[in-house]
Amino acid sequence: MSTSTTMSSTTEPKKLHIAVFPWLAFGHIIPFFDVAKHVARRGHKVSFISTPRNIQRLPKIPQHLTPLINLVQIPLPRTEGLPENAEATMDVPYHIIPYLKIAHDGLEQGISNFIQTHKPDWIIHDFAPYWLPPIASSLGISRAHFSVFNASSLCFYGPTSPQGLDRYGVRTLPEQFTAPAEWIRFPSNMVLKSFEAKNLFDSMKQNASSVSDWFRVKSTVQGCQVYFIRSCRETEGKWLDLLQELQQKPVVPTGLMPPVVQARENKEDWSTIAQWLDKKKKATVVYIALGSELNLSQQDFTELALGLELSGLPFFWVLRKPSWSGNGGSGKLPDGFEERTKGRGLVWTTWAPQTQILAHDSIGGFLTHCGASSLIEGLQYGRPLLMLPCLYDQGLIARFWDKKVGIEVPRNEEDGSFSRKSLAESLNLLVVDEVGKAYRDGAKEYSVLFQDKDLHDSYMDKCVEYMENHVHA
């Protein structure tokens, strides 16, 4: 590897100061925090920047790393339309997220002051702060864009480089997203369903923050010097090569960063859950968790509940009421549902230790929204997936894994609705039926790769080495 410094291979690389700034969503904050811990393990100093409430909600830093990780709190400006104390996407309903983006853009001055005063060698940033690359560049600070999205999803969205945009242009109609992209030159099923394309189109347009997500991504990718991505060559080799070609930036995968089962402070909750799961037969329980930003309609919510009931399978359903929902939650359970499924099913309405639950032998299938972190956790323990994508790139993640480790819930292409009958049949196929054995076996095969901590750590080591070798390049 060429280096921008004249170190001999025996010299210890200079200890760096690396700032880390994720978007205000825990699906981003936690992977960025994992990156921060890995950088610190290599002896570098890290400043992890977020807002006070998000910093308070982080997992504990391992004691041996606390001297190297500085948690930097920058207050989120009060913003009209954003509830007080809302500092992450999980604190607000989906339609309020544009106001969170306005507040996030109000962090510009605080971030600018911090990096001006502390002059980190690198800043690792997310897709949202379109204003950050020029500020960091003017201060001589190197910039790494870290994407928590799949390489396959990012390739489908298309190029952000001037060359790529000149060659392929920008898709201007939702239906263009329901057909394969012309720049993907190998067979793939990366397409959106009509209802997903409409949702994506709405989010890509200018929103209340007056800056479209497309502009944010384009600016932060073009403004970086290296593109880190939560992926690995074993699952997405050809996609990583294509992404580098489309973005015209060095693309360096971080590995999948599989989570380690943490001993939780709240042992009482876990012992209640474990006792319940211990009574169930091996590989029979369906675990249902649809993310903290779930926005199912009442109709979909009802069909989901009645589909679980109809399936006859034991289930553990994590149904946390979002903090913003008052008593409404994400939907009202059908009358008598909990009584009719008592003993067979458990609806859990507080925080649940997902990794520990997925690791339990009784789990036979995972009904998931296909958030990247959830999917990694499910496959780490070899759980076959029933996929019900809801937002963002989740549909593309589902297409990528469909028929390899599970199946998608059959849905109406136009509005995304589904029926209790198709959900119940899909669950039985996945967990019980002989036909579903291929998916159960596929999930077990992938678990070997997803559990390989040494492999994923070695990817992260290469990212740190990249920063050591290209500082102020």
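Which residue forms a salt bridge with E309? I looked it up: R340 does, with the closest N and O atoms 2.6 Å apart. My cut-off for a salt bridge is a side-chain nitrogen of Lys or Arg within 4 Å of a carboxyl oxygen of Asp or Glu. R340 sits in helix α13 (residues 337-340) and E309 in helix α12 (residues 298-311), so to speak distant parts of the chain, 31 residues apart. Helices here are DSSP runs of H or I, at least four residues, and strands are E runs of at least two, numbered from the N terminus. The whole structure holds 22 salt bridges.

Ground rules, for my own reference. This is a predicted model, where local features need pLDDT of at least 70, side-chain atom pairs count only at pLDDT 80 or more, and totals for chains, interfaces and linings use all residues. Residues are numbered from 1 along each chain as its sequence is written, and side-chain values use heavy atoms, with hydrogens and water left out.

**Sheet**

I traced an open sheet of seven strands in the order β3-β2-β1-β4-β5-β6-β7, with parallel pairing. Two strands count as paired if DSSP finds at least two bridges between them. β3 (69-73) and β7 (251-253) are the edge strands, each pairing on one side only. The twist from one strand to the next averages 25 degrees. I then checked one end: β6 (residues 226-229) and β7 pair in the parallel sense over three bridges, and I229 has P253 in β7 as its bridge partner.

**Helices on the sheet**

Helix α1 (residues 26-41) lies across β1 (17-21), β2 (45-50), β3, β4 (122-125) and β5 (142-147). Helix α4 (residues 108-118) lies across β1, β2, β3 and β4. I get about 165 degrees to β2 for α1, and about 165 degrees to β2 for α4. Axes are lines fitted to C-alpha atoms, for helices over the stretch in contact (heavy atoms within 4.5 Å), and angles run from 0 to 180 degrees between N-to-C directions.

**Domains**

The chain is divided into domain 1 (17-258 + 453-469) and domain 2 (267-451), with bounds from an automatic or database domain assignment. Their C-alpha centres lie 27 Å apart. The contact takes 36 residues from domain 1 and 31 residues from domain 2. About 2,900 Å² is buried between them, carbon and sulfur atoms giving 57%; buried area is the accessible area (1.4 Å probe) the two parts lose on being put together, summed over both. Three salt bridges cross this interface. Elsewhere in my notes: the side chains of K193 and E408 meet in a salt bridge (3.3 Å, N to O).
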